[in-house]
Amino acid sequence: MLRLAMRKVKKEVVELVESAKPKRKRQRTRGDKDEEPNGPACLSTHHTFHDPGDVTHLRTLLLRWYDLEKRELQWRTVASTEADVNIRVYAVWVSEIMLQQTQVATVTDYYNKWMKRWPTVSDLAAATLEEVNQMWAGLGYYSRGKRLHEGAQKVVSELDGQMPVTVDDLLKQLPGVGRYTAAAIGSIALGHVTGAVDGNVIRVLCRMRAIGADCTSPAVTEALWSLANTLVHPERPGDFNQAMMELGARICTPKAPLCNQCPVRSHCLSYRKVHAKQEKTSRKLLGKEDVKPPALLDIEDCRTDGICPLCPSQPWDEELGVLNFPRKPAKKPPRVERTLTCVVTRHGQEGEDEFLLTRRPNKGLLAGLWEFPSRLLQEEKSEEEHKGALCADLSSLLGVQVIGSSLNYVGEVVHVFSHIHQTYVVHTLCLRDAGAPTQTENAQWLSRSALQEAAVPTGVKKVVNLCDLQKKHTSAETKRRKKGDIREVKKRPRGVKKATTNKNKQLSLTSFFKTTKQEP
Ligand code: SF4
Ligand code: ZN
């Protein structure tokens, strides 16, 4: 009898393990809509929505909130009112690319100007990259604009001007469109029933289902897509996905989530966990420890004896509360770079000062954008060698010999890209006469007003500001000296470093790198 019972238990365990295997395999198939109600790579149902009633309830709560609270955004209006599918897909594609890494408030103006200038994919294809870069100036991550432009040209030349209309084709045929963007465009512009997992959705789902393993791991990524595909509303997929993103952006925020205003808190395991703890504490304070509390704590645990690929490896930190989720891997520190840059000015024919700009290479960081003549400082070369090379560049650009001593050191400007901590070591060179008309494909003179309009990165604008500050400071000092006021100038404008001190520092390039690396 006992042997029979043991055989039965063994058989059940084998069945349980076997039944879990195909589920894991299925989740790795992109766009698979026939998954079990979100069976992640975990034997426990803890991280899933296994009750269809819960799924329906959550959809209803979320969409009710979204219908009342959603922001009116131009691309949403186009997606819901534009009859021409080609324009709809194009409009949502532009918005999604602009929204990658950039906040809605910043994108809105750029988006409206863009759509006014290039209302269709053919209009964009007919533009030049220079015009696109100019329109994109200040929005950051410039390769996005370039990809949109390339994509538009591809649609016109290879797809007969017709935007792709399936999630797979969007993914395969448009440069810069990944799994999330394809799903977002597919659901919002075309009504395809697919979940869409971006950074906001990752945060919401990890908190809602207590997923605490590294949220960039393959197991978590697949589990999140599986959850999103299960939850998405079959009749309003675009609205549902946008509602999830909006919830993440406005309520379930990274550092200060507004749980008490959250429409789906009744489905949130993190919220329940925090409240269960709070309840336990208050019971303790009220001396009711002996009375059995509601079964809240029972549902907080993932019953997989430490083998779950979705559970956190670190214990729950009471002080963090819902901020325990999501967990991210430690961020790589940005690469430290220093660049020698020279602002060359001349008196333009129109009476306005002009700046010399050169074009960056067509590949890599800030591809094809305009900047002041620059040289990336490399540790193995001395500063004099770098300066010499920059002077040689300037000599060939200007057709006159430029020597190191004619460059005036101004100061330093820091600009932080997502992965690079860039310091521009700024010099100026003021030409007395207009000189040769340097105007080639890769070099041009621009007046100050034209510079504001040009496709220049934010770092260049910061360099101009530094030069302006220094100029102001110098002329104020000269005036004071003229008046016979020889008192020590104690206050320098912000951002302008004392030139003499840095001049000394500049002599040792190695110390540059050491100093900067120590910065937080
Ligand atoms: Fe996020 Fe709080 Fe809502 Fe949970 S209850 S989803 S943690 S805002
Ligand atoms: Zn788990």
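D67 and R236 join their side chains in a salt bridge, with N and O 2.8 Å apart; the term means a side-chain nitrogen of Lys or Arg within 4 Å of a carboxyl oxygen of Asp or Glu. The two residues sit 169 residues apart, D67 in helix α2 (residues 52–69) and R236 in the loop between α12 (218–231) and α13 (237–250). This is a predicted model, where local features need pLDDT of at least 70 and side-chain atom pairs count only at pLDDT 80 or more, while totals for chains, interfaces and linings use all residues. Residues are numbered from 1 along each chain as its sequence is written, chains are lettered from A and ligands numbered from 1 in the order written, and side-chain values use heavy atoms, leaving out hydrogens and water.

**Salt bridges across the chain**

- By that rule, the count comes to 16 salt bridges.
- R359 and E130 make one of these pairs, at 3.1 Å from N to O.
- R359 lies in strand β2 (residues 353–359) and E130 in helix α7 (residues 129–136), so this pair ties together parts 229 residues apart in sequence; helices (H or I, at least four residues) and strands (E, at least two) are DSSP runs numbered from the N terminus.
- R448 pairs up with D468, and their closest N and O atoms are 3.0 Å apart.
- That pair links R448 in helix α16 (residues 448–453) with D468 in helix α17, 20 residues away.
- Then there's a network: E69, R71, R76, E246 and R250 are joined by salt bridges that share partners.

**How open the partners are**

- D67 is partly exposed at 40% relative accessible area, and so is R236 at 26%; partly exposed falls between buried (under 20%) and exposed (over 50%), using a 1.4 Å probe and protein chains only.
- R359 counts as partly exposed with 27%, and E130 does too with 26%.
- R448 comes in at 31%, which counts as partly exposed, and D468 at 26% is also partly exposed.

**A positive patch**

- K479, R480, K482 and K483 gather on the surface in a patch of positive charge; patch residues have over 30% relative accessible area and no salt bridge, with like charges joined within 9 Å and nonpolar side chains (Val, Leu, Ile, Met, Phe, Trp, Tyr) within 5 Å.
- R480 has its place in helix α17 (residues 458–482).
- At 31% relative accessibility, R480 is partly exposed.

Note on methods
Areas by Shrake-Rupley, 256 points an atom, 1.4 Å probe, with all protein chains shown as cover. Lys, Arg positive; Asp, Glu negative; His and termini not counted. Charge placed at Lys NZ, Arg CZ, Asp CG, Glu CD.
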